[in-house]
Amino acid sequence: QHTIGSASNFSTLGSTAGTSPKARLVGVIGQFVMLGDTDESVNGQVPHRVQWSGIDLPASWPTANSATAIAQQAGEQFLPAELGPVKGIAGGDQYGVILQQRGITRVTYVGGSVVFQFDRISDKVGCMFPRSIVQVGRDTYFADVSGFYVTNGVEVVSISDLKVTKYFQDHHAQENPYKVVGAVDPVRHLIYWAFPAAFGSPITPTDMLVYNYVEKRWSLVVQLTEGPINVIGPDNAAVSSHILYGFNSATLGTSFTVNAFSGTVGTAILTTGEAEWNPGGYARVQGVRPYVDVTANAV
């Protein structure tokens, strides 16, 4: 817990039963808080382990398998070690997904002493970049070294073609996986992934790949930013008319301040595929009329 504007460090959440483990990742599945990539003082680092709180009790972390834990449905699960550390936890009402570096597991609430059922849905595709994970409804989008993917908790599907994947592989900085950052603009149905287009130190994201998850189309934006973020106001209302914001880079002279994206509209390049209007014969094209969402005479 932390009071915005104060200079103090974060205070601990407090506990009603037990102590929550140290962990790199936190997620919410139904009425449970779940932690991943944990660090245990007894067993050492257990990156493939997850632990969850009591049901509707985010401050209660009783010892796994104890009478209190069973009564509160709190528990832990060791995931396959060969799939690597937990990189993200995305949640729904009755189920969620756990993304490891080399695989993905569906988590389904079943209640009772079992609490959750764990089913591996992929051991071919995982998530390398923890901050790339973006949840849109029941779908979870994420980036891996092999490209961009989406999972609905049943299957994992690639959304980047060869060109987009190759561009990402040629430009992103693999030595700093936390510099690939994703955020969603639900009004325009766009997901933005910012990443560094150059190597070295410090590594600052300079490019953003933008994916329209309704039309399933990609665009590229060149923008120096520490990464896009979603800013939500009271009652989950978007702040002002903006939903997508970004942190300024220190190299811009304003260190890590939150700002809306704005600026002059860029020049569009339209690339069409080949078409044969009169198969086997001639056809005359007398004009092209673009249908665009802009003011009159803007094209």
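Modeller: Helix H2 (residues 162-171) lies across E16, strand E17 (207-212) and E18. H2 runs at about 155 degrees to E17. Contact means heavy atoms within 4.5 Å. Axes are lines fitted to C-alpha atoms, for helices over the stretch in contact, and angles run from 0 to 180 degrees between N-to-C directions. Helices (H or I, at least four residues) and strands (E, at least two) are DSSP runs, numbered from the N terminus.

A word on the source. This is a predicted model, where local features need pLDDT of at least 70, side-chain atom pairs count only at pLDDT 80 or more, and totals for chains, interfaces and linings use all residues. Residues are numbered from 1 along each chain as its sequence is written, and side-chain values use heavy atoms, with hydrogens and water left out.

Now the sheet. It is open, has 4 strands in the order E15-E16-E17-E18, and its pairing is antiparallel. Two strands pair if DSSP finds at least two bridges between them. Strand E15 (181-185) and strand E18 (217-222) are the edges, and each pairs on one side only. From one strand to the next, the twist averages 20 degrees. E15 and strand E16 (residues 190-195) pair in the antiparallel sense over 5 bridges.

Next, the core. The largest nonpolar core has 19 residues. Such a core is a set of buried Ala, Val, Leu, Ile, Met, Phe, Trp, Tyr and Cys residues joined through side-chain atoms within 4.5 Å. Buried means under 20% relative accessible area (1.4 Å probe, protein chains only). Tyr 141, Phe 148, Phe 168, Ile 191 and Trp 193 have the most contacts inside this core. Strand E11 (134-136), strand E12 (139-144), strand E13 (147-151), H2, E16 and E17 each give two or more residues to it. E16 gives the most, with 3 residues. A second, separate core has 14 residues, including Leu 79, Ile 89, Ile 98 and Val 115.

Finally, the whole chain. The protein chain has 2 helices and 21 strands. Of its 299 residues, 40% count as buried. Take contacts between residues at least 6 apart in sequence: 41% of these join residues at least 24 apart.

Conventions. Buried means under 20% relative accessible area, exposed over 50%, partly exposed in between (1.4 Å probe, protein chains only).
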